[in-house]
Amino acid sequence: MTRFTRLAIPDVVLVQPVRHGDARGYFCETYKKPDFDAFGIDIAFVQDNESLSREVGVVRGLHFQAPPMAQAKLVRAARGAIFDVAVDIRKGSPTYGQWVAATLTAANGEQLLVPHGFAHGFCTLEPDTLVAYKVDAPYSPPHDAGIRWDDAALGIDWPVAADRAILSGKDRTAPLLGDYATPFAFPVPVEA
């Protein structure tokens, strides 16, 4: 059965599917709804995404979608490795502006469940890293948003120096959390 571990911000969960291995390699159920349901996570994923980052030090994030198109994400490294980060952006949350992270590798098979109300980002730790993730709402350009990956107020301990990070123009110019009027409240209301 899949193992679930709540992180320092308990709404963010490290997910460890069971791998069944032999001399050929392994088999793994990367997502099994009954296991998630048994842990109390009821999310209906509707889309699978993947991104390839060719170099070490690629930073993607910190991204999220605003309501009513907010996305929960289940993230894993299908190849390579990432430093994966979730930042609480729920106004009124006792952990607002705090972050948690996990190192996800293809070798360890761990995944990070990032719920609604969190900004998400990652930094590649190996070349040619392939990240696969499920979301519970389709991509919606009008709801696409982000905050600065290197916001000093967040204090994220990224594994790459700011002057060596490889970023998109959008991520380089995203607003600071303090300059962004978050659309998320705590607790996050259930969306219809």
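This is a predicted model: local features need pLDDT of at least 70, side-chain atom pairs count only at pLDDT 80 or more; totals for chains, interfaces and linings use all residues.
Biologist: Why is Cys123 called buried?

Modeller: Its relative accessibility is 1%, and buried means under 20%, so Cys123 counts as buried.

Biologist: What makes Cys28 buried?

Modeller: Cys28 has 18% relative accessibility. The cut-off is under 20%, so Cys28 counts as buried.

Biologist: How many disulfides are there?

Modeller: The count is 0. A disulfide needs a pair of cysteine sulfur atoms within 2.5 Å.

Biologist: What makes the pair of Phe4 and Phe36 edge-to-face?

Modeller: The planes are 85 degrees apart and the centres 5.0 Å apart. Rings pair if their centres lie within 6.5 Å, and planes over 60 degrees apart count as edge-to-face. Phe4 belongs to strand β1 (residues 3-6) and Phe36 to helix α1 (residues 33-39), 32 residues apart. Both Phe4 and Phe36 are buried.

Biologist: Why is the pair of Tyr31 and Phe36 called tilted?

Modeller: The ring centres of Tyr31 and Phe36 are 4.8 Å apart, with the planes at 55 degrees. Stacked needs under 30 degrees and edge-to-face over 60, so this pair is tilted. Ring pairs join Phe4, Tyr31, Phe36, Phe39 and Phe45 into a cluster.

Biologist: How do you know that the charged end of Arg19 sits over the ring of Tyr26?

Modeller: The charged end of Arg19 is 4.0 Å from the centre of the Tyr26 ring. The distance limit is within 6 Å, along with an angle limit of within 35 degrees of the ring normal.

Biologist: What makes strand β12 mostly covered, and which strand pairs with β12 over 7 bridges?

Modeller: In β12 (residues 129-135), 6 of its 7 residues are buried. Strand β5 (residues 47-53) pairs with β12 in the antiparallel sense over 7 bridges, and Ser53 has Thr129 as its bridge partner. Strand β7 (residues 73-79) is also antiparallel to β12, over 6 bridges, with Lys73 bridged to Val135.

Biologist: Which residues touch the most other members of the largest nonpolar core?

Modeller: That core has 21 residues, and those touching the most other members include Val59, Leu62, Ile147 and Trp158. Strands β6 (59-65), β8 (81-88) and β11 (118-124) each give two or more residues to this core. A second, separate core of 14 residues includes Ile82, Val100, Leu112 and Phe122.

Notes: Residues are numbered from 1 along each chain as its sequence is written. Side-chain values use heavy atoms; hydrogens and water are left out. A nonpolar core is a set of buried Ala, Val, Leu, Ile, Met, Phe, Trp, Tyr and Cys residues joined through side-chain atoms within 4.5 Å. Buried means under 20% relative accessible area, exposed over 50%, partly exposed in between (1.4 Å probe, protein chains only). Helices (H or I, at least four residues) and strands (E, at least two) are DSSP runs, numbered from the N terminus. Two strands pair if DSSP finds at least two bridges between them. Rings of Phe, Tyr and Trp (its six-membered ring) pair if their centres lie within 6.5 Å; planes under 30 degrees apart count as stacked, over 60 as edge-to-face and the rest as tilted.
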